[in-house]
Amino acid sequence: MSVRRLAEVQPDSFAFSKANAVVAKNWIGKYPKGRQQSAVIPLLMIAQEQEGWVTRPAIEQVSKMLDMPLIRVLEVATFYTQFQLKPVGTRAHVQVCGTTPCMLRGAEALMDVCREKIHPEQFHTNADGTLSWEEVECAGACVNAPMIMIFKDTYEDLTPERLAEIIDAFEAGKGASVKTGTQLKDRYTSEPEGERTTLLDEAALSKSGGAKAKSGAAKNGAAKEPAIPPSKASKPKTHAAETDASVKSPSPKKATGKQEDATSVPPLPLNKKRANETLDDAGAPGRQRKGKPGGPAPKSAYKSPELLKGEPIGADAKKTRAAAKAPLAEAKPTLDSPNRPVGIKKPAKPDDLKLISGVGPKFETILNGLGIYKFEQVASWQKRQREWVDGYLNFSGRIERDDWVKQAKALAKGGEAEYIRVFGKKPR
Ligand code: FES
């Protein structure tokens, strides 16, 4: 399953159309007061139907309308594969189920058809922007595997050839004419392929209730299914109190205070020395399997190999191992080091260093304090200067990993547009 993230490039704003705003309000009104957040899925779906996909501004708008933390709406939108997080094919977005039952029945061959007919990679539209595809987890039609979903409809019992025909139909704008559900001619919903092979003798089924059912059907003048008594096959035969229907719960009899005291476990005593003892060690009533009530915790006869050798165990051993492994702490780079990047006076228009991924407001302030204000400065850093700043910020190599120099070079050269060109996404 792929990671589902919001699209890098997003529109600036979102608003429900007049008609959709009414529908959305209607949905919110369906839930009791204080439970309006339950409308999050319908609202996101309406937004998707309006825009073709779920945009970040739409998610923000839904969060405002439902007075719901943004992260909660994001969680819903990014969890369900029914929500498209970037633009998809305008005529069809084919979701191929790749979970075990579908995979065993040929889902991989279906994905090959999508690769060939739409795009070699998921989430990319074809040249005309009309088709796209993705692999999804079980869509709940496993009995008719392998299957696909296009928007709200499923197409089941597929072969690669049939899928190719379906894709062609959608591409030609004739998606509505394709039969939904099973694609087999002799199957209705999900009964056995071919014909029934079990429960063929209806007379045997209707032995007990059949006579009554038949007479009832005759009276009504209609052929009805034979009445079958409810089965008790799955009900356990047990006399355990938990399943005994004659035992009423909660009991109508109330326990006396004395009875409650006798059966309750008192809280641990507030004794610092014994703060780490368990209930068993503390000798609580009814839990006295070890030692005497109130007495010290019984000592185990078992000695670990470490203890026998006189080595530390548990948390002490961890600390000792960590101390042995830890390299000697490096001294923080000094401000008078020759490796420190040269600073400048604050310019009239400093750059927004926060556009560099890895620089937040706190680091920007520190960098400004060092006289670093411009992208050009960061872009010119040599290795020794990068190491100095990395050590000064206590960054453990993040400047290299985030490639500040490449980011700064792009931003210095052509701002956001150049950054998008180089990295394929917006700067933060
Ligand atoms: S495994 Fe494909 S629909 Fe369930």
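In which loop does Phe151 lie? In this predicted model, Phe151 lies in the loop between strand 3 and strand 4 (153-156), and the views below place that loop among other parts of the chain.

The model is predicted, so that local features need pLDDT of at least 70 and side-chain atom pairs count only at pLDDT 80 or more, while totals for chains, interfaces and linings use all residues. Residues are numbered from 1 along each chain as its sequence is written, and side-chain values use heavy atoms, with hydrogens and water left out.

**View 1. Overview of the protein.** The protein has 17 helices and 5 strands, where helices (H or I, at least four residues) and strands (E, at least two) are DSSP runs numbered from the N terminus. Of its 428 residues, 32% count as buried, buried meaning under 20% relative accessible area, exposed over 50% and partly exposed in between (1.4 Å probe, protein chains only).

**View 2. The largest nonpolar core.** This core has 27 residues, and Val94 and Ile148 are those with the most contacts inside it; a nonpolar core is a set of buried Ala, Val, Leu, Ile, Met, Phe, Trp, Tyr and Cys residues joined through side-chain atoms within 4.5 Å. Two or more residues each come from strand 1 (92-97), helix 6 (107-117), strand 2 (131-136), strand 3 (148-150) and helix 7 (160-171), and helix 7 gives the most, with 6 residues. Not counting residues up to four places away in sequence, Val94 touches, among others, Cys114, Trp133, Ile148, Ile150 and Ile167, contact meaning heavy atoms within 4.5 Å.

View 3. Phe151 has a phi near 50 degrees, a positive value in a residue other than glycine, and counts as partly exposed at 43% relative accessibility. Asp157, in the loop between strand 4 and helix 7, also has a positive phi of about 50 degrees although it is not a glycine, and this residue is buried, with a relative accessible area of 7%. For context, most residues other than glycine have a negative phi, and most peptide bonds are trans.

View 4. Helix 2 (residues 40-51) and helix 3 (residues 56-65) pack at an angle of about 145 degrees with their axes 10 Å apart, axes being lines fitted to C-alpha atoms over the stretch in contact and angles running from 0 to 180 degrees between N-to-C directions. The contact is made by Val40, Leu43, Leu44 and Ala47 of helix 2 and by Ala58, Ile59, Val62 and Met65 of helix 3. Val73, in helix 4 (residues 70-79), counts as buried at 0% relative accessibility. Its C-alpha is 7.0 Å from that of Val40, 33 residues apart in sequence, and beyond neighbours within four places the contacts of Val73 include Val40, Leu44, Ile59 and Val62.

View 5. Phe363, Glu364 and Leu367 are the buried residues of helix 13 (residues 361-369). Seen down the helix axis, these residues fall within an arc of 105 degrees, so they line one face of helix 13; the arc is that of the directions from the helix axis to the C-beta atoms. The face turned away from the buried side carries the exposed residues Pro361, Lys362, Thr365 and Gly369, whereas what covers the buried residues includes helix 15 (383-392) and helix 17 (404-423).
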